[in-house]
Amino acid sequence: MNPAKSLLLLLTALLAGCAVISEEACQAGLWYERGLQDGARGRGQSLVYDIARQCREYGVRVDTEAWLRGHEEGVAYFCTPENGYRQGRLGNSYEGVCTGPGADLFLAEYHRGLADYQVEMEYLQLARRYDDLRRQLIAVNAALASAGEEEQIRALQLHRSALRRELDLLDLQLRGLGFVGFSRFY
């Protein structure tokens, strides 16, 4: 398949959306092309049964053989190591469609990408918490500057100490993920 056709196939697959199939798509047929798109999106073969059930409601019979031929070709585009990494990096689920000798390479890259995705998600969660605690610390410091009563000052100092301890812990967690630059700003 030439690069232009491959690009068109992938763009069409991206625009297809999440619905199983519309009445218009059932009426249009194009089962080989639909299978090609679904395979290129990494969708499992069981999808053809959902399509057939939906199209039956519209009075249309699905050519499952054509869909399966297209699906097999589409899966070949999906099951590359580069796409495995991309799917994992995006946090996409994997429906187990890759088989044969390329499946191991796809899965290795998928898991590598998924690990990178999970580290990024953990980092973002920790960084958001870190920023939130820093804002709280700024507010506590501002309140301390204007506090007049001894009991209020002690309570604010205790709160400030607790915030600093949690910030130190978050800093260690972020450094453990390989991110530096979150050292004490407080």
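This section describes the disulfides, nonpolar cores and salt bridges of a predicted model.

Two disulfides were identified in the chain. In one, cysteine 26 is joined to cysteine 55, with an S to S distance of 1.9 Å. Cysteine 26 belongs to helix 2 (residues 23-28) and cysteine 55 to helix 4 (residues 47-57), so the bond ties together parts that are 29 residues apart in sequence. The torsion about the S-S bond is -85°, and the link of cysteine 26 and cysteine 55 is left-handed. Both cysteine 26 and cysteine 55 are buried.

The sulfur atoms of cysteine 79 and cysteine 98 lie 2.1 Å apart and form a disulfide. This pair links distant parts of the chain, 19 residues apart: cysteine 79 sits in the loop between helix 5 (64-78) and helix 6 (81-89), and cysteine 98 in the loop between helix 6 and helix 7 (101-146). The S-S torsion of cysteine 79 and cysteine 98 is about -95°, so this disulfide is left-handed. Cysteine 79 and cysteine 98 are both buried. With bonded cysteines counted along the chain, the disulfides follow the pattern 1-2, 3-4.

The largest nonpolar core contains 13 residues, of which Tyr130, Leu133, Leu156, Leu163, Leu167 and Leu170 touch the most other members. Helix 7 and helix 8 (150-176) are the elements that contribute two or more residues to this core. Another core, of twelve residues, lies apart from it and includes Val48, Ile51, Cys55 and Trp67.

Nine salt bridges were found in the whole structure. Arginine 175 and aspartate 171 form one of them, at 3.0 Å from N to O. Both residues lie in helix 8, four residues apart, about one turn of the helix. Arginine 175 counts as partly exposed at 35% relative accessibility, whereas aspartate 171 is buried, with a relative accessible area of 11%. Elsewhere, salt bridges with shared partners join Arg34, Asp38 and Arg41 into one network.

Glutamate 95 lies in the loop between helix 6 and helix 7 and arginine 43 in the loop between helix 3 and helix 4, so the contact ties together parts that are 52 residues apart in sequence. Glutamate 95 is partly exposed, at 43% relative accessibility, and arginine 43 is partly exposed at 23%.

Definitions and conventions: Residues numbered from 1 in each chain as written. Predicted model: local features only at pLDDT ≥ 70, side-chain atom pairs only at ≥ 80, totals over all residues. Heavy atoms only, no water. Disulfide = S-S within 2.5 Å. Buried < 20%, exposed > 50% of the residue type's maximum accessible area, 1.4 Å probe, protein only. Core = buried A, V, L, I, M, F, W, Y, C linked by side-chain atoms within 4.5 Å. Salt bridge = Lys/Arg side-chain N within 4 Å of Asp/Glu carboxyl O.
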